Amino acid sequence: MTEVTKGVWYGLGAYTIWGCFPLFFALFEGVPAFEILIHRIIWSCVFLAVVISGLRRWPAVKAALANPTQLWRVLACAVLIAANWGIYIYSVETRHVLQASLGYFLTPLVNVALGMLVLRERMGPWQMTAVVLAGVGILIQLVILGELPWISLALAISFGTYGLVRKQVMLDGLSGLFVETMLLLPVGLLTFGWLAREGMSHFGDSAYIGALLMASGIVTAIPLLLFAGAARRLRLATVGFLMYINPTLQFFIALLVFGEPLSDVQLISFVAIWIALGLYSWSSWHYRPRVPVGQD
């Protein structure tokens, strides 16, 4: 198996697991989204500490903790990713997985818009068309249905902003996520202690719920490790193409497993954003830097 083939399999594994997250978080019957989030932070930190030790990545972690400027950026990343996790868990809990799917379809286009607005990056005509078309898809829901798909927008903006800030942090994905969860760990432990003291914690309700809450940390870290393996072996364009597996799986899980209704207006909105993504992907591929023959 070539390195590229391994990278494709790692990427497929990462995005398939992320796409199946609704099935996992739907298992937490009766556990509030914020409590699941707290345990996801705690157990992700514990599991990642074990992985960091096994891979001997502690020098990178120590360097990040010793750099106050970088640490503030990591803290911003931590708050953004925690918000993203919490909103996503809430979307599964309230059976708004279609909105979550739409949010992750929107994310690449939000990244383009943020790059233009914040980093002053130049946007090509096709990319501009794609962003405008995505905006039209959202406006369709706002005007015709009279409601803003806030879960979709919150997920896309929080994750897009996370990516923007994360680009300024000189840490690999694994070490970065560990430092992020470590910065959130005191809040997580304090909240867990408060819930336990007030008798509102579900951690001790049953071995099943306790195991699920602990497993949330492993489930968070494994696709990240797979993604890191894919990113090292594949071109960015290939990784970007595989990314659409995640929201596509969520879309079909919402329809076929959870039975969420899809109105004609929502379908039109999705189609507008799918066309926008098609334009964006085509323009990214067409105008990519050409690699000389014989080089990878």
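Let me begin with Ser175. Leaving out residues up to four places away in sequence, Ser175 touches Ile52, Arg57, Ala60 and Val61, where contact means heavy atoms within 4.5 Å. Before I continue, please note that this is a predicted model, in which local features need pLDDT of at least 70 and side-chain atom pairs count only at pLDDT 80 or more, while totals for chains, interfaces and linings use all residues. Residues are numbered from 1 along each chain as its sequence is written, and side-chain values use heavy atoms, with hydrogens and water left out.

Ser175 sits in helix 9, residues 173–197; helices here are DSSP runs of H or I with at least four residues, numbered from the N terminus. Is Ser175 buried or exposed? Its relative accessible area is 0%, so Ser175 is buried. The cut-offs are under 20% relative accessible area for buried, over 50% for exposed, and partly exposed in between, with a 1.4 Å probe and protein chains only.

I turn now to helix 6, residues 97–117, and its packing against helix 8, residues 150–166. Their axes lie 7 Å apart, at an angle of about 40 degrees. Axes are lines fitted to C-alpha atoms, for helices over the stretch in contact, and angles run from 0 to 180 degrees between N-to-C directions. Helix 6 is therefore oblique to helix 8: angles under 35 degrees count as roughly parallel, over 145 as roughly antiparallel, 65 to 115 as roughly perpendicular, and the rest as oblique. The contact includes Leu102, Leu106 and Val110 of helix 6, and Ile151, Leu155 and Phe159 of helix 8. Its residues divide into 14 nonpolar, 7 polar and no charged. In this count Ala, Val, Leu, Ile, Met, Phe, Trp, Tyr, Cys and Pro are nonpolar, Asp, Glu, Lys and Arg are charged, and the others, Gly among them, are polar.

Helix 6 has another partner in helix 12, residues 245–256. Here the axes come within 8 Å and cross at roughly 165 degrees, which means that helix 6 is roughly antiparallel to helix 12. Among the residues that meet are Leu98, Ser101 and Phe105 in helix 6, and Pro247, Phe251 and Leu255 in helix 12. This contact comprises 9 nonpolar, 4 polar and no charged residues.

Leu256 also lies in helix 12. With a relative accessible area of 69%, Leu256 is exposed. Leu262 is in the loop between helix 12 and helix 13, and is partly exposed because its relative accessibility is 27%. Which residues does Leu262 contact, leaving aside its neighbours within four places in sequence? They are Leu98, Phe251, Leu255, Leu267 and Phe270. Leu262 and Leu98 are 164 residues apart in sequence, yet 8.2 Å apart from C-alpha to C-alpha.

Finally, the nonpolar cores. A nonpolar core is a set of buried Ala, Val, Leu, Ile, Met, Phe, Trp, Tyr and Cys residues joined through side-chain atoms within 4.5 Å. The largest has 70 residues, of which Phe25, Phe28, Tyr88 and Ile273 touch the most other members. Beyond its neighbours within four places in sequence, Phe28 contacts Ile36, Leu212 and Leu213. Another core, of 5 residues, lies apart from the largest one and includes Ala230, Leu234, Val239 and Leu242.

Key. Helices (H or I, at least four residues) and strands (E, at least two) are DSSP runs, numbered from the N terminus.
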